[in-house]
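Me: I would like to learn how to read the features of a fold, one at a time. Please give the general idea where there is one, and then the case at hand.

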Amino acid sequence: MQRAWQDLLILAAVLSEVVLTVLFDSGSGGLWRGGLMALLAGALLWRHQHWRWLLPVVLAVNALTASLSILVIAVYCYATRSQGRLRTLLVGVLAVAAIATSLLATDPSQAPIGVGASALTVTAAVATGMYTGTRRILLAQLQQRAEQAESGRAVAQEQARRAERTRIAREMHDIVAHKISLVAMHAGALEVNPQLERAQVQESAALIRETATTALSELREVLGVLRGDGEDAPLAPQPTWEDVRKLVTVSQAAGITVELFDFIDDPVPDQLARTAYRVVQEGLTNIHKHARHTKSRVALIGEVGTELVIEVSNVLPKGFTTDLPGARMGLSGIETRVMHAGGTITSGPTDDGRFEVRAVIPWPTTT
């Protein structure tokens, strides 16, 4: 649409000069000059596709008509498109030389005035065209940068959303998997021991209810964060070092044969305790799922200024199968946690016939 308006303005300006030329030059010279101006005006409509050679040719032919409008339009259009200043200046000199040659051939007495006026006109057209072209390039670059910034912002937001979804999924797994595995264990014990006394059944049922209620409560907290109930609310109840020890106690109450070797005497920072809690929790959860009939142990070793070593291991079961799912999402999650804390973690069978999860995390000195 903008290009159409520009073409109409060019045609209007040149045709106006054609009419004036024909009216004030009543001879045959006025007619052929007016006709040639009209042809050059039509040629200017193709300036977008072939400006590199078309505009210099128009300026050269314009020496025969001495058209001011064609001179200004052609020089301006070339200057706006050409990124080479030297070429633009050469085209401007060519235009002035062509006009000067025409004036010297027709009216030598008026040639100095005409050449001076043409030079000033071409200079103004070149300067304006260069400014317009530079401005267009700058605006295009700014628009491109804005689009790149917007695209980069969208990519960053998508990456942040993915990272947040992964973090929430990890939290939900950590919260739910351990307690649901306990529920499954207690329910399985009731199923395989139908001769239990009423008091024992009630105790197991109460433990199942308590564990399930706790899991649902913690899950609601995560879902509350997803709904936006609190911007600063933690994704899950934040465990302390005492909760690490309680994990072993709860597993023992659930019937798991697990020993705790606790060699920690110094206070453990909360952030380090949370990482240790998730490692022990995941290790015990896997034991609940896949090795609940074997002997297992949890070892906690370390001191301030060195490292905290966490080992959760069990005797490899023989021929035991489980219908509880295990997609290694938990191990992947604690690997991320430990690495983020600057530590290392390994998991797998050992030479003495055990499966071991071992994490080594730096324990900085508190200031």
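Me: Which residue in β5 does Glu311 stand opposite?

Reply: The model is a predicted one. Strands of a sheet pair through backbone hydrogen bonds, either parallel or antiparallel. Here Glu311 stands opposite Arg358 in β5. The strands concerned, β3 and β5, pair in the antiparallel sense over 9 bridges.

Me: In what order do the strands of the sheet lie?

Reply: The order is β1-β2-β3-β5-β4, an open sheet of 5 strands with mixed pairing. At the edges are β1 (257-262) and β4 (344-349), each of which pairs on one side only. Direction ignored, neighbouring strands are turned by 10° against each other on average.

Me: How many bridges join β2 and β3?

Reply: There are 7 bridges between β2 (residues 295-302) and β3 (residues 307-315), and the sense is antiparallel. Two facing pairs can be picked out by name. Gly302 has Leu308 in β3 as its bridge partner, and Leu300 stands opposite Ile310 in β3. The two strands form a hairpin with 4 residues between them. In the turn, Gly305 has a positive phi of about 90°.

Me: How many residues of β3 are buried?

Reply: Of its 9 residues, 7 are buried, and β3 is mostly covered.

Me: Is Leu300 buried or exposed?

Reply: The cut-off for buried is under 20% relative accessible area. Leu300, found in strand β2, has 1% relative accessibility and therefore counts as buried. Leaving out residues up to four places away in sequence, Leu300 touches a set that includes Trp241, Val244, Leu260, Phe261, Val280 and Ile310.

Me: How do α8 and α9 sit relative to each other, and at what angle do they cross?

Reply: Two packed helices are described by the angle between their axes and the distance between the axes. For α8 and α9 the axes come within 8 Å and cross at roughly 10°. Angles under 35 degrees count as roughly parallel, and α8 and α9 are therefore roughly parallel to each other. On the α8 side, the residues that meet α9 include Trp241, Val244, Leu247 and Val248. Among their counterparts in α9 are Ala273, Tyr277, Val280 and Leu284.

Me: Why is α9 described as largely enclosed by the rest of the structure?

Reply: Because 17 of its 21 residues are buried. As for its length, α9 (residues 270-290) reaches 30 Å from its first C-alpha to its last, close to the 30 Å expected at 1.5 Å a residue.

Me: Which accessibility class does Val22 fall in, and which does Val115?

Reply: Val22, in helix α1 (residues 2-24), is partly exposed, with a relative accessible area of 31%. Val115, in helix α6 (residues 111-192), counts as partly exposed at 24%. C-alpha to C-alpha, Val22 is 8.1 Å from Arg33, 11 residues apart in sequence. Val115 is 9.2 Å from Thr101, 14 residues apart in sequence.

Me: What can be said of the whole protein?

Reply: The protein has 10 helices and 5 strands. Buried residues make up 37% of its 367 residues. Of the contacts between residues at least 6 apart in sequence, 68% join residues at least 24 apart.

Definitions and conventions:
Residues numbered from 1 in each chain as written. Predicted model: local features only at pLDDT ≥ 70, side-chain atom pairs only at ≥ 80, totals over all residues. Heavy atoms only, no water. Expected span 1.5 Å × (residues − 1). Buried < 20%, exposed > 50% of the residue type's maximum accessible area, 1.4 Å probe, protein only. Pairing = 2+ DSSP bridges. Axes fitted to C-alpha atoms, helices over the stretch in contact; angles between N-to-C directions. Parallel < 35°, antiparallel > 145°, perpendicular 65-115°, else oblique. Contact = heavy atoms within 4.5 Å.
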